[in-house]
Amino acid sequence: MSLFKARDWWSTILGEKEEFDQGCLCVADVDNSGSGQDKVIVGSYMGYLRIFNPHPVKPGDEVQPEDLLLEVQLQEPILQVEVGKFVSGTEGLHLAVLHCRKLCVYAVSGTQGNVEHGNQYQIKLMYEHNLQRTACNMTYGPFGGVKGRDLICIQSMDGMLMLFEQESYAFGRFLPGFLLPGPLAYSSRTDSFITVSSCQQVESYKYQVLAFATDADERQDTEQQKLSSGKRLVVDWVLNIGEQALDICVVSFNQGASSVFVLGERNFFCLKDNGQIRFMKKLDYSPSCFIPYCSVQEGTINTLIANHSKMLNVYQDVTLKWATQLPCIPVSVKVANFQDLKGLIVTLSDDGRLQCSYLGTDPSLFQAPKVDSREINYEEMNAEMKELQKIIREATKTQDIWPESEKQRDVTVTAEVSPDLDEESQAIDSEVKAEAVPSVTVKVTIQSRVTVQKPSLAVCVQAPLAVTCDQFVFDDLEPDSSETVVLSVFLKENCSPSELEGSCMVSYIITTGIPRVSQCNFSLPLKLVCFPAQPSKAANHKLTIDTNKPPISFVTIFPDFVDLSEGDQANALGFQFLTGSKATLLASKTSQRYRIQSDQLEDLWLVTKELIQRLEEHFKKQNCKDFACSFSGSIPLQEYFELIDQHFELRLNAEKYQELLSERAVQFRAIERRLLTRFKDKTPAPLQHLDTLLEGTFREV
């Protein structure tokens, strides 16, 4: 552990319950200001795109409203953001945003503000590409040696490299022997794409070879992507590193030879551009992200490597030069220039902590305070105590129900979910095969205390849920006026959702011309996706939740699912999902335990989450503050891996499956090591282990 902490220059927390990963952070002069100052671009899995221009008055100051240049919600999860010359006819920088099934390129611009809050920024969609396959990541560069523009290469989840020449699609190629996608980078010096395959090998493919090769399976291509003739795709060079890779970065400093940096699970590799090892460093920790950032001495390269122990290490080649403590575990790290300060470290954690810091030399050591040997003046202490008590009494008298921030808010939005399902379902174009697909009404109210211009409301729920209408535009609101809209939520796709929550966001402009946003969240009832059924005694998958309180009758915590004719002794509940599967909830009569069981592992999550939530609400009403749930069983990793196996069986024919069976065994062992390492490093409570795994089941399957 380092004695030194990273010095906080600027930091903020992004959103609420949002998730971020390696590709969600980018730094660049995205608005083409020409000042040489970078902007911080962040995208989240909730679909929010934010652009910051940090400029604190002094290091460590709180984030100011004008630091946030732009915040928009793009409706789809953002996998990666990059900045480059992506638009033809201009060498200006543009923003590329990668979604699961779409690639969008935007122009970011600002207009001179006429108020003290500064300029106003907006994005304009230049073009977009709808993808035929689910995307994983992307890279960009001057493919084929083009001048003055950047092309984009997207790697799909099933191993296809899709290349786009700005506004037009070029071609697609399948990687040979593909199983799972790995990190992807482009080397402009050799005009090659570099990735790490499921065989734990670093592989390099020439752009020219990709351009003239034939797809691995032309039968799956669209008419636009078919090729009449070509050659077999051949790898340029291969290096076996014996472990999975977290990231790849290709750099070239001081016009020297380019180097390929590969961050593995336990080792750090530096390769020449022909695949030969330049050096490697064995790490005694579990890394989370890295970035090579400069060459301060000829023939050497400095690299930042962060790990799951909240440490940031600075290496010069293989020599550790500095180590500093971070406040969180970063999933992405960049180096940027702000306010004539070069080399500030920008880090982003998976829960949205964004920080700009620098390396200081103040030791983070506890120093015992000096003992004050003066005699205590009791009269002065009594006088000070009376004065403080007077201030407290005055503050208590004038205290309002609403906090100050709520009273001063110009516009408030509230969402009220009906306690009952709609008598007549409002489900539209639902793919669910059930006899009846229910819906529930959500009433959204917007209240304004000032004059508001161009208010618009967006209502979002996570797929496979859907709303009857998700966008509303209103006329200008007068002071102390309100608008109310009614909509319905229903299950559209034939699968169970991972959460029963939604959000409402109102964007508006006040009279001074300043754009603002107000939002709220709402929870949906469990009966929207399932209905009561007879409990099942047998099931393939079972989970036991331990509590520190006697079991509560289901009549009390699940009155909407219990037959009241059974009395207070109901200790078993059945849940029939609209998708056809069933789950059962049991309460022990002799111990403080609850059991959830189902024939499908993914069906356990919603019932488990609902049980814990309702138990916590029940004991909170009872003023019980020490209630706790725990999970002492073994994590069902084997069942989890079987779901992944079934997922890939849908995409591989029998011949390919037999050929890749041995490789998959190696891959699953690697995934198991990574999961166990992750849980070990983060050390959450046992129940959090289970929640993470169950919720991840939906996102994988």
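Phe193 stands opposite Tyr205 in strand E16 of this predicted model, in which local features need pLDDT of at least 70, side-chain atom pairs count only at pLDDT 80 or more, and totals for chains, interfaces and linings use all residues. Residues are numbered from 1 along each chain as its sequence is written, and side-chain values use heavy atoms, with hydrogens and water left out.

**Strand pairing**

Helices (H or I, at least four residues) and strands (E, at least two) are DSSP runs numbered from the N terminus, and two strands pair if DSSP finds at least two bridges between them. The protein has eight helices and 42 strands. Strands E15 and E16 form a hairpin with four residues between them, and Gln200 in the turn has a positive phi of about 60°. Elsewhere, Ser439 stands opposite Phe490 in E34, and the bridge partner of Val467 in E34 is Val489. The table lists these strand pairs.

| Strand | Partner | Bridges and sense |
|---|---|---|
| E15 (residues 192-196) | E16 (residues 201-206) | Five, antiparallel |
| E16 | E17 (residues 237-240) | Four, antiparallel |
| E30 (residues 439-448) | E34 (residues 481-491) | Ten, antiparallel |
| E32 (residues 465-467) | E34 | Three, antiparallel |

**Aromatic pairs**

Rings of Phe, Tyr and Trp (its six-membered ring) pair if their centres lie within 6.5 Å; planes under 30 degrees apart count as stacked, over 60 as edge-to-face and the rest as tilted. The structure holds 21 aromatic pairs. The rings of Phe261 and Phe279 have centres 6.5 Å apart and planes at 70°, so this pair is edge-to-face. The pair links distant parts of the chain, with Phe261 in strand E19 (residues 259-264) and Phe279 in strand E21 (residues 277-282), 18 residues apart. Both Phe261 and Phe279 are buried, where buried means under 20% relative accessible area, exposed over 50%, and partly exposed in between (1.4 Å probe, protein chains only). Phe193 belongs to a cluster linked by ring pairs, together with Phe143, Phe171, Tyr186 and Tyr207.

**Nonpolar core**

A nonpolar core is a set of buried Ala, Val, Leu, Ile, Met, Phe, Trp, Tyr and Cys residues joined through side-chain atoms within 4.5 Å. The largest has 66 residues, and those with the most contacts inside it are Leu457, Val489, Phe558 and Leu585. Helix H5 (residues 604-621) supplies the largest share, eight residues. Domain 2 (409-523) and domain 3 (529-633) both give residues to this core, so it lies between them; the domain bounds come from an automatic or database domain assignment.

Contact means heavy atoms within 4.5 Å. Not counting residues up to four places away in sequence, Phe558 touches Leu573, Phe575, Leu585, Glu610, Leu611 and Arg614. Val607 lies in helix H5 and counts as buried because its relative accessibility is 1%. Val607 and Ala583 are 24 residues apart in sequence and 7.7 Å apart in space, C-alpha to C-alpha.

**Whole protein**

Buried residues make up 47% of the 701 residues. Of the contacts with a separation of 6 or more, 59% are between residues 24 or more positions apart. The protein exposes about 36,200 Å², of which carbon and sulfur atoms supply 48%; accessible areas come from the Shrake-Rupley method with a 1.4 Å probe, and for residues only the protein chains shown count as cover.
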